[in-house]
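Subject: Structure for your review

Hello,

I am passing on the structure we talked about.

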There are 2 protein chains.
Amino acid sequence: MIVLRHVIGDELRRRRQDQGRTLRDVSAAAAVSLGYLSEVERGQKEASSELLAAICGALDVPLSDVMHSVTNHLVEAEHPRLAVHAN
Amino acid sequence: MIVLRHVIGDELRRRRQDQGRTLRDVSAAAAVSLGYLSEVERGQKEASSELLAAICGALDVPLSDVMHSVTNHLVEAEHPRLAVHAN
């Protein structure tokens with residue numbers, strides 16, 4: 001089964017790393033604990049809507065943009081044959 | 001601020017109502033309590049990834065399909081001027 005929090009966590013980590021930023025930096029900017037952000041990125045904890053918004057704010061990316069990428073990854077996972085050109 | 005669980009709840013309710021199904025029917029099919037499903041639809045409770053998957057399963061819609069609609073609504077909310085033809 002595809003677990004949404006895993007896909008969201010992977011996407012948030014990818015965005016952070018693409019910006020060359022540390023967990024410490026983003027967690028401070030989002031006012032969440034470093035441990036919490038790390039657990040969210042690893043898909044171990046569900047991010048509440050408010051904290052997801054705070055993390056997106058800290059990354060300076062719209063929530064819709066993150067969810068668009070998440071949706072693409074869900075499509076890939078649900079329809080692997082269609083995924084070749086999905087990115 | 002846009003609250004993701006409100007957008008997800010609205011979408012789940014819309015899908016259920018489009019199928020002419022009751023909270024009782026879908027909650028039984030998803031093996032969640034009627035009260036819980038009702039709170040999720042009203043955006044009062046975060047759905048865990050597992051329960052969101054169960055609800056989508058009960059509605060017989062792929063999670064990616066629901067999240068695609070959710071993303072469209074997020075775009076509309078974040079960029080109201082672009083939303084005229086978004087549906």
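This is a predicted model: local features need pLDDT of at least 70, side-chain atom pairs count only at pLDDT 80 or more; totals for chains, interfaces and linings use all residues.

Chain A overall

Chain A consists of five helices and has zero strands. From the N terminus on, its elements therefore read α-α-α-α-α. Its radius of gyration is 13 Å, close to the 12 Å given by the globule rule for 87 residues, so chain A is as compact as a globular protein of that length. Along the principal axes, its C-alpha atoms fill a box of roughly 40 × 25 × 20 Å. Of the 87 residues in chain A, 32% count as buried. Taking the contacts in chain A between residues at least 6 apart in sequence, 57% join residues at least 24 apart.

Helix α1 of chain A

Helix α1(A) covers residues 4-18, which makes 15 residues. From first C-alpha to last it reaches 21 Å, close to the 21 Å expected at 1.5 Å a residue. The buried residues in α1(A) are A:L4, A:V7, A:I8, A:G9, A:E11, A:L12, A:R15 and A:R16. What covers them? The cover includes α2 (23-30), α3 (34-41), α4 (49-59) and α5 (63-78) of chain A, and also α4 and α5 of chain B. Just after α1(A), A:G20 has a positive phi of about 65°.

Helices α2 and α3 of chain B

In chain B, helix α2 (residues 23-30) packs against helix α3 (residues 34-41) at an angle of about 110°, and their axes are 9 Å apart. Angles of 65 to 115 degrees count as roughly perpendicular, and α2(B) and α3(B) are therefore roughly perpendicular to each other. On the α2(B) side the contact is made by B:L23, B:R24, B:V26, B:S27 and B:A30, which meet B:L34, B:L37 and B:S38 in α3(B). By class, the residues of this contact are five nonpolar, two polar and one charged.

Where the chains touch

On chain B, 20 residues are in contact with 20 residues of chain A. Which elements give two or more residues to the side of chain B that touches chain A? They are α1 (4-18), α4 (49-59) and α5 (63-78) of chain B. The largest share, nine residues, comes from α5(B). That side of chain B has 12 nonpolar, five polar and three charged residues.

Regards

Conventions. Residues are numbered from 1 along each chain as its sequence is written. Chains are lettered from A and ligands numbered from 1 in the order in which they are written. Two residues are in contact if their C-beta atoms, placed from the backbone, lie within 7 Å. Helices (H or I, at least four residues) and strands (E, at least two) are DSSP runs, numbered from the N terminus. Ala, Val, Leu, Ile, Met, Phe, Trp, Tyr, Cys and Pro count as nonpolar, Asp, Glu, Lys and Arg as charged, and the others, Gly among them, as polar. Axes are lines fitted to C-alpha atoms, for helices over the stretch in contact, and angles run from 0 to 180 degrees between N-to-C directions. Angles under 35 degrees count as roughly parallel, over 145 as roughly antiparallel, 65 to 115 as roughly perpendicular and the rest as oblique. The expected span of a helix is 1.5 Å times one less than its number of residues. A residue is buried if 20 or more other C-beta atoms lie within 10 Å of its own, exposed if 12 or fewer, and partly exposed in between; C-beta atoms are placed from the backbone. The radius of gyration is taken over C-alpha atoms; the globule rule is 2.2 Å times the number of residues to the power 0.38.
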